[in-house]
Amino acid sequence: MTIGVDAARLIGRLKELGATGRDEAGRLCRLAATDADREGRDLLCNWLRKAGLRIEIDRIGNIHGIWEPEGAAGDPVIMGSHIDTVIDAGIYDGCYGVLSGLAVIEAMQQAGLRPSRPLAVVAYTNEEGVRYAPDMMGSLVAVGGLSADEALAIVGTDGTTLGAELGRIGYVGSREPGFLKPHAYVELHIEQGPILEAEGRPIGAVENLQGISWQKITIGGTANHAGTTPMAMRRDAGVAAGRVLVFLDQLARNTEGAVATVGTIRFEPNAINVIPSAATFTVDLRNPDEVLLQGQETALDAFLDGLRNEGFEVKAERLARFQPVIFEPEIVAAIEASAAERQLVCRRMTSGAGHDAQMIARIAPSAMIFVPSKGGISHNPAEFTADSDLVAGANILLDVARKLSQ
Ligand code: HGY
Ligand code: MN
Ligand code: MN
């Protein structure tokens, strides 16, 4: 028998969670381990408790809501994502997958179903990696890709450590990360890209996810007077950084499947009439093909060597490096079968964004379900997905979770 999630409650919770964690300018900035994050975490834990789930928090702050119905045994089917956001975010990225996982469990409870396996919904800490790198950190620790102690000691962009901040907001749990081994993992997420909307398809069955390379580059030049220093005598770190940005943009436009982004940049001393003595910026390179991604990294290294030969100091610090991931074909097929049963047009696709599923796929069969993003916009307050698409995606998650846990 086909059942569905409680649509009104799911949409209402998305909006309620989306209203928490706003800064004084009204922007959604639920950065990992901030007071805004605590607000969202507390709200989520209330909902998990009301659903009668066993709440377990691990040492890196991953929140688990576990449902162990009578007769259920073995490792759980986990539905996860994250509730931390980027700066000035939309309300769907991550939160939609976590709240849909809860809605799926509540729908199964409501229908009196007795799955043979437990189910769990998990909100992973610091998926975005904006305050503390790398991203997908909570799930990376949960799969053993980074020790909890190392992660808790990571210093953020604001000089705080993740451990101190998680402790301050009361979310350093007692369980060891990885204590809950998934039998299978499914993540529902907005596409954050233009494909589904452009093709008029409500569902994406995500079969793979591209590789990610994050670095922090610091270029050292010589501060000098903007007015008196002849152009030929300058060691302008700002111009050198600008040359890297243009190089990376051209490289990505000329490399199959590649994208390149410099999302943050800072000059020292950052004064209108001083030639920058230093430029610090981050580089985000991605490609579904590991060999091509390595090629992008090698080309960047060579360009930076060229700047060194011109007399600039150049430092490159690795912040994150995740290989491309192929998801579990059986789960991808189950997503497609559920879409067909519900007469929803579906297509297989690659994820351009990083997700917790990229980490969990290292230890368990995993896959993702996408729903359309209006205008392909995300990491932006204009992020939007129609209610009908949100509910359709959650119902696919419900069908797949039922199949995996029966
Ligand atoms: O960077 C990403 O792709 C994800 O939003 N953390
Ligand atoms: Mn996300
Ligand atoms: Mn995101």
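Which residues coordinate the manganese ion, ligand 2? His82 through NE2, Asp93 through OD and His189 through NE2, at 2.1 to 2.3 Å. A donor here is an N, O or S atom within 2.8 Å of the metal (3.2 Å for Na, K and Ca), and water is not among the atoms, so sites may look incomplete.

Ground rules before I go on. This is a predicted model: local features need pLDDT of at least 70, side-chain atom pairs count only at pLDDT 80 or more, and totals for chains, interfaces and linings use all residues. Residues are numbered from 1 along each chain as its sequence is written, chains are lettered from A and ligands numbered from 1 in the order in which they are written, and side-chain values use heavy atoms, with hydrogens and water left out.

Back to the metals. The donor spacing for ligand 2 reads H-x10-D-x95-H. His82 and Asp93 both lie in the loop between β3 (77-81) and α3 (95-110), so the pair ties together parts that are eleven residues apart in sequence.

Ligands 2 and 3 are 3.5 Å apart, and Asp93 coordinates both. Glu128 sits in the loop between β4 and α4 (137-142), while Asp93 is in the β3 to α3 loop, so this pair ties together parts 35 residues apart in sequence.

Buried or exposed, these two, Asp93 and Glu128? Both are buried. So is His82. The cut-offs: buried is under 20% relative accessible area, exposed is over 50%, partly exposed is in between, with a 1.4 Å probe and protein chains only.

Next, rings. Rings of Phe, Tyr and Trp (its six-membered ring) pair if their centres lie within 6.5 Å; planes under 30 degrees apart count as stacked, over 60 as edge-to-face, and the rest as tilted. The count by this rule is three aromatic pairs. Here are two of the pairs.

Tyr92 and Phe384 are edge-to-face, 6.2 Å centre to centre with 90° between the planes. This pair links distant parts of the chain. Tyr92 is in the loop between β3 and α3, Phe384 in the loop between β16 (366-371) and α12 (387-405), 292 residues apart. Tyr92 is buried, at a relative accessible area of 7%. Phe384 is partly exposed, at 36%.

Phe247 and Phe303 are stacked: 4.4 Å between centres, 15° between planes. Phe247 lies in helix α8 (residues 237-253) and Phe303 in helix α9 (residues 290-309), so the pair ties together parts 56 residues apart in sequence. Phe247 is partly exposed at 21% relative accessibility, and Phe303 is partly exposed at 22%.

On to helix α2, residues 35-50. Its 16 residues should span 22 Å at 1.5 Å a residue, and its end C-alpha atoms are 23 Å apart, which agrees. The expected span is 1.5 Å times one less than the number of residues. Buried residues in α2 include Asp37, Arg41, Cys45 and Trp47. What do the buried residues of α2 pack against? The partners are α1 (7-19), β1 (54-57), β2 (63-67), α3, β4 (119-123) and α6 (162-168). Contact means heavy atoms within 4.5 Å. After α2 comes Gly52, with a positive phi near 75°.

One residue from helix α10 (residues 329-341): Ser338. At 3% relative accessibility, Ser338 counts as buried. Leaving aside neighbours within four places in sequence, Ser338 is in contact with Asn395, Ile396 and Asp399.

Last, the whole protein. The secondary structure comes to twelve helices and 16 strands. Of the 406 residues, 56% count as buried. For contacts with a separation of 6 or more, 80% come from residues 24 or more positions apart. The C-alpha trace spans about 80 × 45 × 35 Å along its principal axes. A compact globule of 406 residues would have a radius of gyration near 22 Å, and the protein has 22 Å, which agrees. That radius is taken over C-alpha atoms, and the globule rule is 2.2 Å times the number of residues to the power 0.38.

Notes. Helix = DSSP H or I, 4+ residues; strand = E, 2+ residues; numbered from the N terminus.
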